[in-house]
Amino acid sequence: MAAVVDEKTQPAPVAVAQEKDGGVVETAPTKESDDAASEQFQGGVQRVRAITASWSPATMWIMFVLLFIVSFVDMVVVALQSSLDVYITSQFGAHGLLASTGIASSVVSACATLSLAKIIDIWGRIEGFIFMLLLVVISLIMKATATTIEVYFGAFTLYWVGHIGLMYVVDIMLADMTTLKNRALIYGINNLPTIASSFIGPALGNAFYNNTDFRWAYGSFAIILPVICLPVIVIMLWQQRKATKSGALTRPKSGRTLMQNIVYFLIEFDALGLILVTAAFALFLLPFSIVSRAPNGWSTPYIIAMIVTGLVIFPIFYLWEAKYAPVQFMPWRYLKDPTILGSCSLYGIMFLSTFCWNSMFYSYVQVVYRLDIDTASYTVNAYSLSYAVLAPVVGVLISVTGNFKTVAYGGIPLMVIGTALLIPFRTPDTAVGLVVMTQVLIGMGSAFFVACLQLAIFAPVTHQEFAVVSAINGMFGGIGASIGMAIGGGIWNNLMPGQLEARLPENMKDQAFTIFGDIVLQMSFLDGTPEREAVVGAYGYVQRRMVIAGVCFMPLCLLSIYMWRNINVKKLEEEEGKQTKGTVW
């Protein structure tokens, strides 16, 4: 299909140099060969451009490898904790609240990423990397030492913010190091560790759970992860120092006092907007998954208050952003571009659909099929495993053809078939192999979608906007996941206790809520007993309805892709030059 490159809005070249916080704005009177147009680069962007301009090809490839290793270890931690979370929450009798915790962590991490985008644009990539690493380490220590469910859930949320932020910075650093046509391929290669982590993480989780105090699983990686990240930090700081000494990078003082700096960055990051939008989504969505524990259900005062307060905050957030915010939290101007808007919508809808059923899927396969920790995790991870295998292939297709929109359409049949089969195959009498097959099909379809949408958000912008458009995309994904978990958690927490009580023998009905909150107890009943039949039947009834809810959203994916402009990234770079600068691939 013909490339559309003339629709891209290009600002007029700027012929003067101006100062921005943390560095000199890089401008030129004519179009640069490595950007669509001359841009005003903030300090963090200017620093990474100076670094890539001064490092050698060998250093660049070393950084690729180091970031690959960081991604691998991070993915192992994610797979490890996914295997253990159900057991830790069951210790506190709160197994059913996993979806609720996921809602809060998804909302906070999604909104925090936009602030992180400003941090890495103003201060620098490595500064954001270190900050997110610190959050992950603190959260792992909290998880290892938590003695109450409140502390554990707080650590869970903090970990998710740090993890999402760390991987977000890695993605931006990879974008800084690649041309547009090769970016999807590098992103796909960087996801290959998922193939190994999908097996290593659950195996480690099983070993820690059965052979030692599984809290040490978190304590160990609180030590391992910083050690793995240290070489990335050292190289980036060394190259930054090298660029400064060569004169390619200057760091003028802002002239502000400490208090002026605090006020300045509170305004720059729109702290009030961040608080408002996070509170609005969290307060509105959480009640749907915790109402089953409320003393009077939907008529409980705090449930009503949370929903009403959340709804009231939404228009307050809008008024603040539209009328009063000196710096808007959400840069709405980017969503006027149909390609960026369609990409963000696709990401959000994918997560919304999947998390309607995925948040309790691990518990489902463990309880219904009596799978151990690692085998159950392998079943669930078939989704991410198939995605990781196919993503580099999709990257090659984009690199060769340049037509990411055409390639994205290739994922539609896989996604449609996979999601359509979820409904008939999500019953307890379905062979586990067929359950795995649906995971594989959906994972393959998502490989097409994610690889293409990640490229689509970058195509209409220049280097200065990499961080912010990626953050907007991530925010849509996080909000979509939180809405999906609210729907799934609402179905689970409102139907599961009643289903257990209705199906359990008369002498066990009063224990329905205790069984509901403890996966170990659910798995303790022997095959053929009424208790076992009641638990399995309840799981099948509720999970099927969660799947139906998720499938209903998938047709919107096609509409999102249709919105994209048909941009050929190969021809775009041939005509307008590279988005990035320096030694890149």
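What follows is a chat about helix packing and a few individual residues in a predicted model.

Student: Let's go to helix pairs. At what angle do α10 and α12 pack?
Tutor: Helix α10, residues 271-285, and helix α12, residues 301-324, pack at an angle of about 150°, and their axes are 8 Å apart. That makes α10 roughly antiparallel to α12, because angles over 145 degrees count that way. The crossing of these two helices, α10 and α12, is left-handed.

Student: Which residues of α10 and α12 meet there?
Tutor: On the α10 side they are Leu-272, Gly-273, Leu-276, Val-277, Ala-279, Ala-280, Phe-281, Leu-283 and Phe-284, and these meet Met-306, Ile-307, Thr-309, Gly-310, Leu-311, Ile-313, Phe-314, Ile-316, Phe-317, Trp-320 and Glu-321 of α12. Sorted by class, the contact of α10 with α12 has 16 nonpolar, 3 polar and 1 charged residues.

Student: OK, now α5 and α19: what angle do they pack at, and how far apart are the axes?
Tutor: Helix α5, which covers residues 149-176, packs against helix α19, residues 466-503, at an angle of about 140°, with the axes 10 Å apart. That makes α5 oblique to α19, and α5 passes α19 in a right-handed crossing.

Student: What is the contact of α5 with α19 made of?
Tutor: Tyr-168, Ile-172, Ala-175 and Asp-176 of α5 meet Phe-466, Ala-467, Val-468, Ser-470 and Ala-471 of α19. The residues of this contact between α5 and α19 divide into 7 nonpolar, 1 polar and 1 charged.

Student: One more pair. How do α13 and α23 pack?
Tutor: Helix α13, residues 338-358, and helix α23, residues 555-562, pack at an angle of about 165°, and their axes are 8 Å apart. The two helices, α13 and α23, are therefore roughly antiparallel to each other, and α13 passes α23 in a left-handed crossing. From α13 the contact takes Gly-342, Ser-345, Leu-346, Ile-349 and Met-350, while α23 supplies Leu-556, Cys-557, Ser-560 and Ile-561. By class, the contact of α13 with α23 has 6 nonpolar, 3 polar and no charged residues.

Student: Switching topic: where does Val-73 sit, and what does it touch?
Tutor: Val-73 lies in helix α2, residues 57-91, and is buried, with a relative accessible area of 7%. Not counting residues up to four places away in sequence, Val-73 touches Phe-221, Ile-224, Leu-225 and Ile-228. Computed along the sequence is not the whole picture here: Val-73 and Ser-197 are 124 residues apart in sequence and 7.9 Å apart in space, C-alpha to C-alpha.

Student: And Ser-139, buried or exposed?
Tutor: Ser-139 is buried, with a relative accessible area of 0%, and its place is in helix α4, residues 125-145. Beyond its neighbours within four places in sequence, Ser-139 is in contact with Ala-155, Leu-158 and Tyr-159.

Student: Last one: what is phi of Arg-370?
Tutor: Phi of Arg-370 is near 55°, a positive value in a residue other than glycine. Arg-370 is found in the loop between α14, residues 361-369, and α15, residues 373-401, and is partly exposed, with a relative accessible area of 31%.

Terms used. Residues are numbered from 1 along each chain as its sequence is written. This is a predicted model: local features need pLDDT of at least 70, side-chain atom pairs count only at pLDDT 80 or more; totals for chains, interfaces and linings use all residues. Side-chain values use heavy atoms; hydrogens and water are left out. Axes are lines fitted to C-alpha atoms, for helices over the stretch in contact, and angles run from 0 to 180 degrees between N-to-C directions. Helices (H or I, at least four residues) and strands (E, at least two) are DSSP runs, numbered from the N terminus. Angles under 35 degrees count as roughly parallel, over 145 as roughly antiparallel, 65 to 115 as roughly perpendicular and the rest as oblique. A crossing is left-handed if the near helix is turned anticlockwise from the far one by less than a right angle, and right-handed if clockwise. Contact means heavy atoms within 4.5 Å. Ala, Val, Leu, Ile, Met, Phe, Trp, Tyr, Cys and Pro count as nonpolar, Asp, Glu, Lys and Arg as charged, and the others, Gly among them, as polar. Buried means under 20% relative accessible area, exposed over 50%, partly exposed in between (1.4 Å probe, protein chains only).
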